[in-house]
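Student: I have a structure open and would like to learn how to read it. Could you walk me through a few features?

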Amino acid sequence: INMSFFNKLFGDDKPKKKQEQPKNHDEVIAKVQEDIDTYTQRNEHLEKKVNQLKEKAKAKIKSGQKADFELKEIKRQQEMLIQNSKRVSALQSQVNNAQNFMADSEFIKQMEDITKLNANLASNLKDNKMDDLKDRMDEIKDAKDELKDLMDDLVEDDEEEEDIQDLQDELMAEIMMEDKMGTNVNVKVDSHTEEEVVDNKAKKEKNSNLHELL
């Protein structure tokens with residue numbers, strides 16, 4: 001006999017507990033921080049009570065009375081203070097650990113995200129994109145070289161024509177200078193010859209006059 005069938009039939013099955021969903025980290029830390037604040041406030045209240053009990057005990061002892069109640073109460077309150085302080089210390093330590101874990105988890109998530117991004121970028125570069133980029137750069141370089149060669153040819157042709165024209169102008173200037181210099185030489189030679197003729201004629205006349213006097 002299947003007992004589960006009878007259990008279902010007569011309603012004996014106990015309801016299963018729903019699995020609790022994990023709470024938000026910030027909510028948990030905030031709740032624990034509230035508990036820490038509560039323990040801290042209790043300790044402040046206990047410290048005030050302990051101080052009041054000490055004053056009462058002192059007054060009784062000074063008057064010669066027994067202060068057993070106050071002393072026992074002081075002892076009990078101090079033990080509560082110690083327990084609460086331990087709880088605060090333990091909870092605060094766990095809060096600090098949780099905050100550190102959260103910071104580390106966030107850092108790990110950031111590292112994971114940026115690592116995936118870098119991996120994807122590297123993969124994209126490897127997928128023939130580097131080759132494509134290199135091919136484009138080579139094409140650009142070839143086009144620049146062809147343009148440079150063309151410009152060099154054009155410039156060389158222009159320079160050659162300019163050189164020929166410059167040489168021609170230089171030769172013409174030399175010819176003109178030579179012609180001018182030749183004319184000046186002839187003028188100087190002719191003038192020098194005329195002066196010699198005049199001198200010779202003057203000398204002859206002078207000699208002739210001397211002979212007549214003799």
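Tutor: Let's start with accessibility: buried means under 20% relative accessible area, exposed over 50%, and partly exposed in between (1.4 Å probe, protein chains only). D35, at 29% relative accessibility, counts as partly exposed. This is a predicted model, where local features need pLDDT of at least 70, side-chain atom pairs count only at pLDDT 80 or more, and totals for chains, interfaces and linings use all residues. Residues are numbered from 1 along each chain as its sequence is written, and side-chain values use heavy atoms, with hydrogens and water left out.

Student: Where is the confidence lowest, and where is it highest?

Tutor: pLDDT is the predictor's confidence in each residue, from 0 to 100. Helices here are DSSP runs (H or I, at least four residues), numbered from the N terminus. Confidence is lowest in helix 1 (residues 3-10), with a mean of 49, and highest in helix 2 (residues 25-62), at 91. Where pLDDT is low, the predicted coordinates should not be read in detail.

Student: Which side chain meets K31 in a salt bridge?

Tutor: Side chains of opposite charge can pair when their charged atoms come close. A salt bridge is a side-chain nitrogen of Lys or Arg within 4 Å of a carboxyl oxygen of Asp or Glu. K31 pairs with D35 at 3.0 Å, N to O. Both lie in helix 2, four residues apart, about one turn of the helix.

Student: Is N84 buried or exposed?

Tutor: N84 counts as buried, because its relative accessibility is 5%. This residue is found in helix 3 (residues 68-213).

Terms used:
Helices (H or I, at least four residues) and strands (E, at least two) are DSSP runs, numbered from the N terminus.
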